[in-house]
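Subject: Structure for you to look over

Dear colleague,

Here is the structure I said I would pass on, with the sequence alongside it. My notes on what was found follow below.

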Amino acid sequence: MAKPAVPSAKKTALLLTGGGARAAYQVGVLKALAEHYPRASPIPFKIISGTSAGAINGAGIACYASCFQLGVKKIESVWRNFHTNQVYYSDYPRLSWHLLSSFFSAFQADYANKKPVSVFDNKPLKQLLTRILDLQRIDRNIMNGYLSSFSVTASCYNNGDSITFFQSDHASEWRRAKRCGQRTLLGVHHLMASAAIPIMFPSVRIHQQYFGDGSVNQLAPLSAPIHLGADKILIIGVADPRKSAARHQLLHHPDLATVSGHLLDTVFTDTLNFDLERMQRINRNVETLQQHQIKTDLKPVDSFIINPSQNFNQLASEHFLSLPLAVRTLLRTMGIRQHSDSSLASYLLFEQSYTSRLIELGYHDGLAQMDALLQFLADDH
């Protein structure tokens, strides 16, 4: 077993991206990492930034910042015992009623009392998060020095901005083009807003604005940890790096299922890759300026990314039949079946057989890169 990382003098951030049920993969990677630290060791991250389902995982880790292994065990227990009805209503009566309500609400003229429109009703998720997360612990962990900052990013439907809500010991609010950071006391409603996948789940009202999934309009996923003071960022993504190679030729026009899956893939993965390329260019420019002894306010930020080694769509097809019958019926009306081209099922399959498989995948992927990962976390240079 590799040696535990010696704490770095640099401030390290953990960035957890979105992806619905795919976020179970992140738990596996964190489990592999936690096993390489002493049992009572605090988390090796001073900053945690999460988006969508990644924000929920991040909240679980932040609540137990004083004990890394305990925090991972808590969220692993939830993901390993997941059922779809813990996230959204998946029985015929309530699913049908919600769809009818959403349909009639779309034509309602009384905007003041208009209900949010969505395919699924995710009230069960709110009840689950309220029961298992004591978010007041985050503030205590910040005051006790186990954590410096925790942030949750959501997309504002009012103006299209990407809003990062954060708690921190010292970080200031920021404003950039189409994104900003707002200091606040984080609650379950912020997590629900960040994880509200467009169309699938209803928007969430915070004060006088309406929010949806944080991956939408998130032009700079690395912005939050950098503004919160990160020198290094560990990124646990949910994108298959080989999906472009595995893509086959379409023999017909893409149907609704294929298009919807493609849109979700774009929302959850593409902007992160672009932002990483931009950060690498900035790092090279900063290095050049330093070599010529030219002063700059910019600083280099190191990154380490772990992505799945297997295709999520293939794994989802193997566990598709574990979805509740009512959900499978609805997906079939959209053209989604067990072996469809669409990746939509891989985001909605909150069943323990699938999520446990993703945890195992993340665990083995984490172990495969553990030496490099521990070196990254310990490296002061």
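In these notes, contact means heavy atoms within 4.5 Å. Please keep in mind that this is a predicted model, in which local features need pLDDT of at least 70 and side-chain atom pairs count only at pLDDT 80 or more, while totals for chains, interfaces and linings use all residues. Residues are numbered from 1 along each chain as its sequence is written, and side-chain values use heavy atoms, with hydrogens and water left out.

Of its 381 residues, 54% are buried; buried means under 20% relative accessible area, exposed means over 50%, and partly exposed lies in between, with a 1.4 Å probe and protein chains only. The chain exposes about 17,800 Å², of which carbon and sulfur atoms supply 55%, the areas coming from the Shrake-Rupley method with a 1.4 Å probe, and for residues only the protein chains shown count as cover. Among the contacts with a separation of 6 or more, 77% are accounted for by residues 24 or more positions apart.

Ser149 is found in strand β3, which covers residues 149–156, and this serine is buried, with a relative accessible area of 0%. Its side chain is joined to that of Ser168 by a polar contact of 2.7 Å, a polar contact being a pair of N or O atoms within 3.5 Å, of which, within protein, one must be able to donate a hydrogen and the other to accept it, and residues adjacent in sequence count only if both atoms are side-chain atoms. If neighbours within four places in sequence are left aside, Ser149 is in contact with Lys46, Ile47, Ile48, Gln167, Ser168, Asp169, Ala171 and Leu228.

Next comes the region around α1. Helix α1 is mostly covered, with ten of its eleven residues buried, including Tyr25, Gln26 and Leu33. The loop between α1 (24–34) and β2 (47–51) holds His36, which is buried at a relative accessible area of 7%. The C-alpha atoms of His36 and Gln69 are separated by 9.5 Å, although these residues are 33 residues apart along the chain. Ser41 is found in the loop between α1 and β2 and is buried, with a relative accessible area of 14%; apart from its neighbours within four places in sequence, Ser41 is in contact with Ser66, Cys67 and Phe68.

Helix α3 (residues 68–80) and helix α14 (residues 352–368) pack at an angle of about 140°, with their axes 8 Å apart; axes are lines fitted to C-alpha atoms, for helices over the stretch in contact, and angles run from 0 to 180 degrees between N-to-C directions. That makes α3 oblique to α14, since angles under 35 degrees count as roughly parallel, over 145 as roughly antiparallel, 65 to 115 as roughly perpendicular and the rest as oblique. From α3 the contact is made by Glu76, Trp79 and Arg80, and from α14 by Gln352, Thr355, Ser356, Ile359 and Glu360.

Asn81 lies in the loop between α3 and α4 and is partly exposed, with a relative accessible area of 45%. Its C-alpha atom is separated by 8.2 Å from that of Ser356, which is 275 residues apart along the chain, and, leaving aside neighbours within four places in sequence, Asn81 is in contact with Gln86 and Gln352.

In helix α12 (residues 325–333), Ala326, Val327, Arg328, Leu330 and Leu331 are buried, and the buried residues of α12 pack against α4 (92–105) and α13 (344–348). Gly335, with a positive phi near 90°, follows α12.

Finally, a word on backbone angles. Most residues other than glycine have a negative phi. His207, however, has a positive phi, near 60°; His207 sits in the loop between β7 (204–206) and β8 (209–212) and counts as exposed at 70% relative accessibility. Gln293 has a positive phi near 55°, lies in the loop between α10 (256–291) and β10 (302–306), and counts as exposed at 73% relative accessibility.

With best wishes

Notes: Helix = DSSP H or I, 4+ residues; strand = E, 2+ residues; numbered from the N terminus.
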